[in-house]
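Dear colleague,

I am handing over a structure for you to look through, and below it I have written down what was found in it. Please read the notes with the structure open beside you.

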Amino acid sequence: MKLYKILISAIISTLFVSCGAKWTTDYDSALKTAQKKNKDIFLVFTGDDWTDHSIPFKENILNKKEFLSRYSKDFVFLNIDFSQGEFAKSKAADDSTEEEKKLAEKIAAEYKFKETLGRSYSVKFWPAIYICSAEGYVLENVIFDSDKDTTCSVEEYIAKLEESRVKADEIKSLVLNVRNSNGVEKAKAIDELIKKSNPRFSDLYKQLIYQFPDLDPENQTERLGFYELAAAYYYSYEATEKKENPAKPFLDVIEKGNLSADQIQEAYYMAAYSLINGEKFDSALVIEYLEKAYNANPSGTNAFKIIQNLQQMKRFSELEKAQDNQANGE
């Protein structure tokens with residue numbers, strides 16, 4: 001029995017050294033380490049227990065000593081694994097103990113955070129590989145080739161990764177500009193970064209979007225309205241999550257007076273749209289916002305679509321009134 005325990009301990013130790021010593025699974029910790037050590041992040045989303053390529057890719061490339069030693073000075077290695085087995089533990093049975101229920105709640109919260117990360121990084125395929133800045137911004141999406149990347153040599157994959165690192169340099173230089181600037185210059189750097197970055201990863205820049213109005217309150221960049229409206233989308237989503245009024249952020253940004261006619265139209269339209277997506281909405285208020293959206297710019301490119309939505313909403317409101325009258329015996 002003692003020999004058996006020693007063997008098991010040796011196997012676990014070997015797995016830890018080869019597979020886990022250089023990798024972290026904690027996103028926030030990876031960002032802190034990367035910022036402290038001035039490194040980029042090599043981020044991999046996997047599904048070890050349900051995808052065909054995740055484990056072979058790790059075994060043949062990512063956990064090889066040649067790969068880890070080659071990039072240990074450059075990267076913090078981060079693996080976010082979506083495990084079906086782990087997800088199954090997020091639902092406790094009715095007869096579970098309090099301790100088991102708390103554990104299930106903890107796993108559920110962790111998995112929800114992973115799902116948020118997956119959406120932010122627009123994960124569509126597995127594995128999904130990214131070179132990221134220390135802030136977590138995507139510098140380059142390293143596309144996984146299922147026919148090659150699990151069977152090629154480590155040297156061949158390193159050559160592919162080096163090509164991606166060259167492509168990442170442009171965005172990395174923009175990130176450094178944001179990191180090293182202040183005030184209006186930082187606002188300009190943020191604007192340049194977001195313009196050049198892939199829109200798929202726009203959620204990663206949410207905090208920068210929130211910062212922009214404070215960095216350029218006098219609108220020296222002439223982009224203040226754009227970022228105030230962009231922030232309103234996120235504030236509206238947060239309001240929905242809190243069961244607060246999701247239209248308010250769009251109405252507030254209109255009141256600030258920094259939006260163009262097109263942006264005012266968009267803000268009123270989104271105020272209406274945010275209410276329609278609620279469980280119960282005031283059709284009269286939706287109609288009011290749609291009318292204001294149209295009147296903000298009747299010749300705008302979206303005016304025709306808004307009129308169509310307005311007409312549909314009015315028909316819905318009339319039908320709703322008719323049903324209420326019928327229910328009340330009128």
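Let me begin with helix α8, which covers residues 183-196 and has 14 residues; helices here are DSSP runs of H or I with at least four residues, strands are runs of E with at least two, and both are numbered from the N terminus. From its first C-alpha to its last, α8 reaches 20 Å, close to the 20 Å expected at 1.5 Å a residue, where the expected span is 1.5 Å times one less than the number of residues.

Before going further, please keep in mind that this is a predicted model, in which local features need pLDDT of at least 70, side-chain atom pairs count only at pLDDT 80 or more, and totals for chains, interfaces and linings use all residues. Residues are numbered from 1 along each chain as its sequence is written, and side-chain values use heavy atoms, with hydrogens and water left out.

Which residues of α8 are buried? They are Val184, Lys186, Ala187, Ala189, Ile190, Asp191 and Leu193, where buried means under 20% relative accessible area, exposed over 50%, and partly exposed in between, with a 1.4 Å probe and protein chains only. These buried residues pack against α7 (154-179), α9 (206-215) and α10.

The axes of α7 and α8 come within 8 Å and cross at roughly 155°; axes are lines fitted to C-alpha atoms, for helices over the stretch in contact, and angles run from 0 to 180 degrees between N-to-C directions. α7 is therefore roughly antiparallel to α8, a term for angles over 145 degrees. On the α7 side the contact (heavy atoms within 4.5 Å) includes Ile171 and Leu174, while Ile190 and Leu193 are among the residues that make it on the α8 side.

Some backbone details also deserve a careful look, because most residues other than glycine have a negative phi, and most peptide bonds are trans. Asn38, which is not a glycine, has a positive phi of about 55°, and it is found in the loop between α2 (27-37) and β2 (40-46). The peptide bond from Trp126 to Pro127 is cis, with omega near -10°, and Pro127 lies in the loop between α6 (98-120) and β4 (128-132).

Finally, the chain averages a pLDDT of 89, and 90% of the residues score at least 70, pLDDT being the predictor's confidence in each residue, from 0 to 100. Over residues 1-21, however, the pLDDT is below 50. Where pLDDT is low, the predicted coordinates should not be read in detail.

Key. Angles under 35 degrees count as roughly parallel, over 145 as roughly antiparallel, 65 to 115 as roughly perpendicular and the rest as oblique.
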